[in-house]
Structure formats: structure tokens, C-alpha cells
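I opened the notebook to look up charged side chains that pair up. My plan was to take a few pairs and note where each one sits.

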Amino acid sequence: MGDVLSAHLDESRRQFIADKTNKVLADFCRFYEEQFGVALFNSVRYEIEGGGGPQAQLLHRKVPLEECTIFSGNLFQYLEENKKWRNRFSLVPHNYGLVLYENKLAFERGLQPRILINSAGYKILTSLEQYLELLNSNLPGPTPKSGNASILKCPTEFPLILWHPYARHYYFCVMTGKEQEKWRAVFQDCVRHCNNGIPEDSKVEAPAFTDAVRMYRQSKEQYGTWDMLCGNEAQVLCNLVMEELLPELKNMIGPRLKGKAQERHRVWIQVSDAVYKMVYDQTKARYDAMVTTCELQVPKLKGTIRTDMDQIIQSKEHLASKIRASVFSKAEICVRNHVQPYIASILEALMIPTSQGFAEVREVFFKEVTDMNLNIVNEGGTEKLGEYMAKLSQLAFHPVKMQPCYEKMDQLKLEGLQQRFDVSSASVFKQRAQILMRQQMDDTIYTFETLLHQELGKSLSKDELCKTIQRILERVLKKYDYDSSTVRKKFFREALLQITIPFLLKKLAPTCKGDLGRFQELIFEDFARFILVENTYEEVVLQSVMKDIMMAVKEAAVQRKHNLYRDSIVMHNSDPNLHLLGEDAPINWGEEFGEADSDPSDEKQRRAKQVVSVIHTDEGSPPYDVTSLERSPDAPEPEELESSPTPGSPNSLKELRTMLVKEFQVESPVAVAGKAEEQLSNGTVVQESKVVAEPREKEEEKAGEAEQVTGDHLPEGSSERQGNKPEATDTSEAEPPSRGEHPESGDKETGEVAALVQEVKAEPSSENSPGVTDNSEGVQTQF
């Protein structure tokens, strides 16, 4: 790889890249410094004058994922260094960065991870055909013929590829389609969160940055939405540089790429990634220095703003009136002829999937709380309330359970409008709506938690507790309906402005933008940091279309077609003390209402507290725990359950035992020849049984079962750790079954686990095991 990079990125090209990056950053810094003063003035003015929309009825959680892990599991990764697939333990922490370890044991020992992936700007692909199409479209030089082989061979039919237009690509695969869907939901959640990397609570830096990016791109005649406005500020700036730099590099390096299409793809990905890293390092250093310089000026600028606030406002209004007199009539004609006829159709295209998504959020929340209430009725009182509420509190961040809500936005189609209004794609609006859905779900749950926790201070019987939960549920749903209506209407207005304003600015630029220079003399020199002609001009253009947009959204609310509240309906706060409760310390349901029968010094319990996965094996909430029924090396046989009772199980352990015997007596069909390959593990069994594991010898009394467990992931109490070598029924390694080639590997090199082979007819079918996901398909990653 070093030879490839040195051949294509010699010293002269590296200097060219650095110079080009400096030039782009110098132009951007000029725009940022101008926008920083305007954003600071707007922030201070809002602080003094106040304003904003109707008060939210739901509470907002300040730290939604403190010390919480979103997901952990195993999947296969393709290593480009040795062109082999290896099993990796994957962890998604609270910041949604994808972390890959050599194996689970390496994570538990606190070793350094193999890879840390910030997925901002990435796309999730689930087929090699999609990937090859994107590769061909980004490859410099002549486009390869369709049907050419890809740069890698996937050993299964279920790949997961992280593709980026500039940075390195990552290749994964899993064993089944269901597992692929769930991993795809996890990856999409990571991308969605990382794309939203600019903090929204920043009232000065964030608007200054986004406005500077927009002004810079408009200076290059680039209007409309931009798909690569994703990630943190340094990543967005890096994308801005790469957007200009990459076409020139393709012209320089493209003719020198030799060989077949596969080799050219591989070399170009390496070169592009190396350039991206160089640009990112240079960009981050320059941006940090620029922000520091601007922050040092804040005290002086704020003093000027607070002293001369009235004069600044009067000067800005005088400037706006002059610009309005010059361009407003032209803007109104443009709106009437080119925008107004399409506002209703754009709004309808936005409203249908968005309203369906928010309705699904309401349905998911209602179902989860109702199921919890039913389980409390069956189990009796508050014994399991802490466990259920701990799960419910993280529902908004559960990628799989929230996926039905997010999928509604996939219906958003702006075809026919994209070319007219220069909208590159609808992904910007999809991701924004999905983020709002997650935020509304978390606010709803947090409000429900707070109200319920307040009521639990009273002594409640089981029936009273269930009635209280139902009453609080109805109150919270009313608040959700009001807040979701407010959030959606705001989203519709912002989306319509995002679509129409760039189009209007582009249309008016030839006739209006050239005359703006003469208005500069109307701004006092002392106020030039807070008033810009370009910004004031855009505000005048916005006013020309804002009336039509407000009217369209208002008419949609009056029709009540999408369950929107009319603007005239203002829901006053029915719980005046609710927002005071939201200031209290976060509720720890596990400590307050959890069961205290576990030994805190137990190593497994300690690790379980460190890695709290939001995705559980049981997708629903069964009235008693059945996850221990999966045939894992640590799990006891059904007959041993009497010695290790599960809390919250039915009153009679004999009844439970009878139920389990009936479950295990159901015979599965005899496996066909190909079933053995499907049963091959894609990693170690990552779930931990809640029942204390019995010695290994008791499990081996089960006739007809033969297991092989090797590598670092040996369960506690296994025969190999006791010095006994288990009988091997299969000598294949823990790699996915390759179609056409079997790369050589060893356990010492990879630390992988060999296949866990079980008798098929000794296992219950998945239909009869509600607590186990995809057990009959050999899925090892637990959700």
C-alpha cells in the first residue's frame, strides 16, 4: 500500500493538495468570521427580546444515553491487508461510533480496539451490485463495463458495506437475511446520529458555520441542498475541500491507473482515503484556530451589541427597507410564477410519510407501555417494574424497534421536483424527520417516567399501579399529539424554505445580486460586524415566499388530514410543576426498583453493568424470562431450572418445567445436507444466560450432542479450561462458508471460535421458543 501511495502521491502532489486546501479554507474563514458576528448579534437579541413557538408539553432529557451502550455483537469483517474475512466483536457506545475488537475477550480485558469508525457521510449497502455501481461512477477515467467483478468476494449472500465518496470503505457480512436487516438498522442509526454532528444547542457557532458553508457554496454558484453537510464541523469542511479537490486529482491520477477494473478500484480507494486523511488533519487544525480567534472577540463584541442594540436594529431595518424596495417586486413575481404552484404538491409529498412515521412512534410507545402494564398484572406489583422501565427508558435508541418508524420516511419521493428546485436528493429531509421522531419518542418516554416516578412515592397496590400507569399513558399521549403536531409543522415550514429559497436566490441572482454592492454604504462602520447586505437580502427574499408557505401549512392543519392541530389551538401547560420535575436527577430504575439478589462482586454482573445492550434477545416482553432456554455452552439443561429459579416466573416451578418439557418434545424436521453450513457460527455466543451455569459435566450427559469450542471465547467451566480436550465433530474454522475459496487461517492468528455444531432435532423450533431470536437459523448475534 505504501508503494502505491508514494507512486501516486509524490511530494509535488502532496504540496498541491496542501495549497488547494489552504485556499479553500482561507475563503471559508472569511465567510465564517462575517457570519460569526451576525450569529452573535442574533443570539443576544433573542436572549433580550425572547420569542419562539408554543411551549412544549413534553419534558426533554438532558443526558439521554449516559454510560449506556447501544449494541454489542459479532459479525465478519473483510481485511484488505491480507484479503481474508475475520470474526470481530462489535460495540456501539453512546456516541454511536462503531468500535471493532479482535474478539469479545479482548474487549473484556480492556485491550485497544482494532478499529474506530465514525460513520458520518457513509451509506449502508446490502448488495455487491449496489457497491459496484457506486465504485464505477466514482472511478476516474473511462467507466468500466457493467458486469465486471467486484474488488472482493463475499462468502455469504448477506453483505453489509459502508461506502463513502472520499474515505475508506468497510466490508462486513452476516449469515442470515434477518441478521442483515438488524445490523443494517444498527448501522443506519449510527450514520443518522453521526451525520447530525453539529450540536443544535450551540446558538452562535452552529448557525455561523452552516451559514458560512451555504454562502461559500453560493459564491461558487452551487445552490440547493448538499448531501455532504454531515458530521462535525471538521468533517463538513473536509467534504467541502474534497468536493473541489477530487475532480482535479482524478484528472491528474486517473490516466496513470493501470490494470483491470478491480485493481484500479482498489488503488483509487486507497489514494482517495489517504488524501481525505491529509485534508482532514489540515482542516481540523485550521478550523480550531479560527474558532479560538473568534471566541476571543466575543466579550468585546457582546459589549458593543448590548450598548448599541437599538441603533443596530434601526440600521438593519433601514437597510432592509431599501433592499425591499429594490428587489421585492421581482421576488414576488418569481414566487408567483415558479414557486407558488408547486408548494401544495411539495407539502403533500412531505406530509404523508412524515405523519405516518410520527403515528408509528405513537403506536410503538403505546404498545410497549401496554405490554409492560399487562406483564405487571401477571407478575404482581413492582417486583419487575424497575427492569421493565429500564428497558422502556432506552426505547428511543433501540435501532430495531424504532426501525418501523424510520422506514415510513423511505416513502418520501421528490421526483419531478428535484430537478426543478435543484434538490440533489431527499436524504436530507428523511434524516431530519427521523431524528425528530427519535427525539419525540425520548421526550415522551422521559415525561412518562417522570410522572410515574412521582406517583410511586405513594403506596400502590397492584391494581392501583396498573390504573395509574394507564392514566399517565393517556395524559402523555395527549401531550405527544400536541407536541408532534408542533414539531411536524415546523419541519414542514423549514423543509419548504430549504427547497424554495435556494431556487429563488438562483433565479434572482442575474438581475438582483449585482446591485447589492451599492447598499453597503448604508451600514455604519461600527455595526458592519453585525449587519451584512447579503444576509439582509436573503431575509427579504424569504419574506416574499414565507406568507405562501405559512398559508399552505395552515390550510393543511385545518383539513385535519394528517392529525395536525390548528394554529389557533394553544395547549396550555396542564402540569405546571412538570418542568420542575424534569430538573431532578436522572431516574435509575435498576437501583431504585431492581432486584438486589445478585452478588455485586460477581465478575459477570460487573461486566453486564459495563455493557448494557439496548437490543435484547426477546423482542417483546414475555411474562417470564426464557432466554436461558437457548442451547448455549453456559446454559443449564431444563431439568436444572428448579435449582436456579428465575425471578418473576410462574408460581409453580413444576408448571414451568412441564411447559418446558412440552416445548422440547416438539421435533424439528431432519436437516438437509446444506443445513450444516447454515448452522456454522458467525462468532461466539454473545448472550449471557441469566441462570447460573452448572458444571460442564452435567451438560455432556445429554446424549447425541457433540460440541467443539476453541479459541479465546471459551465459556467459563468448559472442558478445555479444565484440561480436557473436547471431541471434535467438525474441523472447519469459524469463518463463513466461502463460495469458491477458503482462505487459510489459524486460531492463533485470529482468536476466532470454531463452529458450534449441534444435533438439529434436539433443538426446539423457533416457533416454539419465543425468547430466542432466529435460533433455528444459527444466528449468533443477539438482538
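Entry 1. I looked up E244 and K20 and found that both are buried. The model is a predicted one, and the burial is a computed value: each of the two residues has under 20% relative accessible area. Their side chains form a salt bridge, with 3.9 Å from N to O. I then checked where the partners lie: E244 belongs to helix α7 (residues 233–253) and K20 to helix α2 (residues 11–49). The two are 224 residues apart, so I noted this pair as a link between distant parts of the chain.

Entry 2. I asked how many salt bridges the structure holds. The count is 27. As a reminder to myself, side chains of opposite charge can pair when their charged atoms come close.

Entry 3. I turned to R266 and E263, which make a salt bridge whose closest N and O atoms are 3.1 Å apart. Both residues are in helix α8 (residues 261–296). They are three residues apart there, which means about one helical turn separates them. For E263 I wrote down 36% relative accessibility, so E263 is partly exposed.

Entry 4. I looked at D371 and K367, whose side chains meet in a salt bridge at 3.1 Å, N to O. Is D371 buried or partly exposed? D371 has a relative accessible area of 24% and is therefore partly exposed. K367, at 44%, is partly exposed too.

Entry 5. Last, I followed shared partners: salt bridges join K20, E244 and E248 into one network.

Note on methods:
Residues numbered from 1 in each chain as written. Predicted model: local features only at pLDDT ≥ 70, side-chain atom pairs only at ≥ 80, totals over all residues. Heavy atoms only, no water. Salt bridge = Lys/Arg side-chain N within 4 Å of Asp/Glu carboxyl O. Helix = DSSP H or I, 4+ residues; strand = E, 2+ residues; numbered from the N terminus. Buried < 20%, exposed > 50% of the residue type's maximum accessible area, 1.4 Å probe, protein only.
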